[in-house]
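Let's take a look at the pockets and ring pairs in this protein. Have the sequence and the structure open as you read.

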Amino acid sequence: LAGSVTSDLRSERNEEGSKERGKEDPLQEQKGEEKRKEEILREFTVEEREALLSVPAASNIDDLARFVGLCRYFRGQHHLEEIMYLENMRRSTLLHLVDKFRDLLIKTEHEDPVIATSLKGSS
């Protein structure tokens, strides 16, 4: 009987310890977030990292990760519809993200070559 009481006490202590370990202190949480930001930005130069982190939206790790994932499209070769299709993203989500990081982007408008060609042919 005494053995079972001792094991019950040990299991209660283990449960309490695991509950306490589940609660991260804010300092550890902040370090984890900083480490994740470093991982997300590892492919960028120091200057590019500074520019990305200077935008207020970069404080949200999910927005930063999504924006970084889309950066390959922001070289002037892709249109919004193409990005939406390739990334399976809604227009509103893409435009919202572009708006959040607008200080880093230059928007341009180009005539669609398919439509331009078809309009010239019909004249």
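Sorted by class, the second largest pocket is lined by eight nonpolar, no polar and two charged residues (nonpolar: Ala, Val, Leu, Ile, Met, Phe, Trp, Tyr, Cys and Pro; charged: Asp, Glu, Lys and Arg; polar: the others, Gly among them). A pocket is an open set of points on a 1 Å grid over the protein atoms alone, where a 1.4 Å probe fits, with protein on both sides within 12 Å along at least five of seven lines; lining residues have an atom within 4 Å of a point. Volume is the space filled by probe spheres set on the points.

This is a predicted model, where local features need pLDDT of at least 70 and side-chain atom pairs 80 or more, while totals for chains, interfaces and linings use all residues. Residues are numbered from 1 along each chain, and side-chain values use heavy atoms, without hydrogens and water.

| Pocket | Volume | Lining by class |
|---|---|---|
| Largest | about 780 Å³ | 10 nonpolar, six polar, six charged |

In the largest pocket, His-78, His-79, Leu-80, Thr-108 and His-110 lie nearest the centre. Phe-67 and Phe-74 are among the residues lining the second largest pocket.

Which rings link into a cluster? Ring pairs (centres within 6.5 Å) join Phe-67, Phe-74 and Phe-101. Phe-67 and Phe-101 are stacked (planes under 30 degrees apart), at 4.1 Å centre to centre and 15° between the planes. They sit 34 residues apart in the chain, and both are buried (under 20% relative accessible area, 1.4 Å probe, protein chains only).

Key: Phe/Tyr/Trp six-rings, centres within 6.5 Å; stacked < 30°, edge-to-face > 60°. Helix = DSSP H or I, 4+ residues; strand = E, 2+ residues; numbered from the N terminus. Buried < 20%, exposed > 50% of the residue type's maximum accessible area, 1.4 Å probe, protein only.
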